[in-house]
Amino acid sequence: MSTLTLGPFNRVEGDLEVQLEVTDGRVRKARVNSPLYRGFEQILQGKDPRDTLVITPRICGICSVSQSVAAAYALADAAGVAMPPNGELATNLILACENLADHLTHFYLFFMPDFARPVYADRPWYADTEMRFRALSGSAAGVVLPARAHFMHLMGLLAGKWPHSLSLQPGGTAKPVQAQERIRLLAILGAFRRFLERETFGDPLETLVALDSASALDAWAARDPGRGDLRRFLQIADDLGLARLGRATDRFMSYSAYPSGGDRLFRTGLWADTGPQPLDIASIAEDPSHSWMVGGDPLHPADGVTIPDAEKANAYSWCKAPRLAGGVIEVGALARQLIDGHPLIRDLVSESGGNVRNRVIARLLELARVLMAMEDWVKAIAPGEPFCEQTAIPDEAIGVGLVEAARGSLGHWLTIRRGRVLNYQIIAPTTWNFSPRDAAGVPGALEQALVGAEVRPGETTPVAVQHIVRSFDPCMVCTVH
């Protein structure tokens, strides 16, 4: 047996360290460490509750809107206020813009450049992939970055700026949309649709969304191989066996996403034992047994504490171990699409479970589905009608804000006493996916997904390990907040 310590990882948000035990060219055991503590939950104690709208987005520069929305939802829950229809639509558009930009960035700039590494120089697809996805200089970057920048103009029109907008409020959004601005928003979405249909999918969004099985996906890819970057990925994935790489617990969770008019674009739920089940938020608990945190027994986040203890025995991460009814959970786009019931994702998971290939396919499918929904949301905005319900925050209250960031389920739990924040606890998507072991010694989702990964002779940063890590798209600064 040999050991490897990997980190920091390039093209990953924040600090990450992975310790591997390797036997006979395979990972036998993994430990995932979030090596940086930040202390946002302590910073928030004693603050005016409205300050959470200013402070929590600073947790992350990539998913600051997700943190803003979770904070706004928590305050709205505490105040008992509901958004007007325009407020829901504008909030959805702002969050969706960030999430889709994140999916695009992940695929083109974080994930695909790994296949342009010289280690794959003998593969039949290498020459084309290297020209297309080579980090910094591949042809994809030249078209993706302008498309992403133009798409983010939507954020400017609806939220003023990105990151760290103050437009998102408990009762809606502070920036109303005028009739002429709806036309500009539709033009931005139309340009982004044309980019995706030309570069990413090589087909209309509706064609991708209509794929309803693994065999339908295979047939679609085979009809015109090489047309669109998704087909390029599928060719690589099949050649490298990415459907057999990075399988974790096959227990998935989604808080649901994008409420509008009493309905939601994506459903809430738990997927366990090969089927959908109701989600009981009350059964969430954070286990600090292997974290450099004070405490022993798992606590629901509404009662949780986040106090560092750097000398704690048996600890190896600043990340706590969230569990749902005591079980390890995977979150992200694959979880959302699976729980929502998209037939393609359900068929893929029934064949091969959660793995590197299926996680990437789910993210690209979500790009298409959410962009189509955004077009409908813009058309449904009613200029002249309210976008925000003004409200006062009570001096004594509790609230919870649950949202789906690009990487998965994000929750904020807030307690207000005497008009100040008494307690604020956050569980980020990467906290779920990259958690350390719990008191029973059960590894987190990534720790399980890494077991069995190939380590080639001489590799010090195994490329298979990097594919698995990046398939979860970790955000370590959100994890340790």
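Mentor: We will go through annotated sites, a helix, a surface patch and salt bridges, in that order.

Mentor: Please keep in mind that this is a predicted model, in which local features need pLDDT of at least 70 and side-chain atom pairs count only at pLDDT 80 or more, while totals for chains, interfaces and linings use all residues. Residues are numbered from 1 along each chain as its sequence is written, and side-chain values use heavy atoms, with hydrogens and water left out.

Trainee: Which residues does the UniProt annotation "binding site" cover?

Mentor: UniProt positions are given in the numbering used here, with feature names shortened, and annotations may be inferred rather than shown by experiment. In this case an unreviewed UniProt entry gives "binding site" for Cys-63 and Cys-478, which are spread over 416 residues of sequence but cluster in space, with a largest C-alpha distance of 8.6 Å. The feature "binding site" is also placed by UniProt (unreviewed entry) at Cys-60, Cys-63 and Cys-475; these span 416 residues in sequence, yet no two of their C-alpha atoms are more than 8.9 Å apart, so they gather at one spot.

Trainee: Is Cys-63 buried or exposed, and where is Cys-63 found?

Mentor: A residue is called buried when its relative accessible area is under 20%, exposed when it is over 50%, and partly exposed in between, using a 1.4 Å probe and protein chains only. Cys-63 counts as buried because its relative accessibility is 7%. For its place, we need helices (H or I, at least four residues) and strands (E, at least two), which are DSSP runs numbered from the N terminus. Cys-63 is found in the loop between helix H2 (52–55) and helix H3 (64–79).

Trainee: What is Cys-63 in contact with, leaving aside its neighbours within four places in sequence?

Mentor: Contact means heavy atoms within 4.5 Å. With those neighbours within four places left aside, Cys-63 is in contact with Glu-98, Arg-407, Cys-475 and Cys-478. Cys-478, in helix H18 (residues 476–480), is buried with a relative accessible area of 3%, and its contacts, not counting residues up to four places away in sequence, include Cys-60, Cys-63 and Gln-67. Cys-475 lies in the loop between helix H17 (463–471) and H18 and is buried, with a relative accessible area of 1%; leaving aside its neighbours within four places in sequence, its contacts include Cys-60, Cys-63 and Arg-407.

Trainee: Which residues of helix H13 are buried, and how do they lie around the axis of H13?

Mentor: The idea is to look down the helix axis and take the arc of the directions from that axis to the C-beta atoms. In helix H13 (residues 343–352), the buried residues are Leu-344, Ile-345, Leu-348, Val-349 and Ser-352. Seen down the axis, they fall within an arc of 125°, so they line one face of the helix. They pack against helix H10 (214–223), strand S6 (252–254), helix H12 (333–340) and helix H14 (356–380). Just after H13, Gly-353 takes a positive phi of about 70°.

Trainee: Which residues form a nonpolar patch on the surface?

Mentor: Patches are made of residues with over 30% relative accessible area and no salt bridge, where like charges are joined within 9 Å and nonpolar side chains (Val, Leu, Ile, Met, Phe, Trp, Tyr) within 5 Å. Accessible areas come from the Shrake-Rupley method with a 1.4 Å probe, and for residues only the protein chains shown count as cover. Here Val-294, Leu-299, Val-305 and Ile-307 form such a patch, with about 280 Å² of accessible area together. Val-305 counts as partly exposed, at 38% relative accessibility.

Trainee: How many salt bridges does a search of the whole structure find?

Mentor: A salt bridge is a side-chain nitrogen of Lys or Arg within 4 Å of a carboxyl oxygen of Asp or Glu. The search finds 33 salt bridges. One of them joins the side chains of Arg-336 and Glu-404 at 2.8 Å, N to O. Arg-336 lies in helix H12 and Glu-404 in strand S13 (residues 397–405), so the pair ties together parts that are 68 residues apart in sequence. Arg-336 and Glu-404 are both buried.

Trainee: Which residue forms a salt bridge with Arg-407?

Mentor: Arg-407 pairs with Asp-473, and their closest N and O atoms are 3.5 Å apart. Arg-407 is buried at 4% relative accessibility, and Asp-473 is buried at a relative accessible area of 3%.
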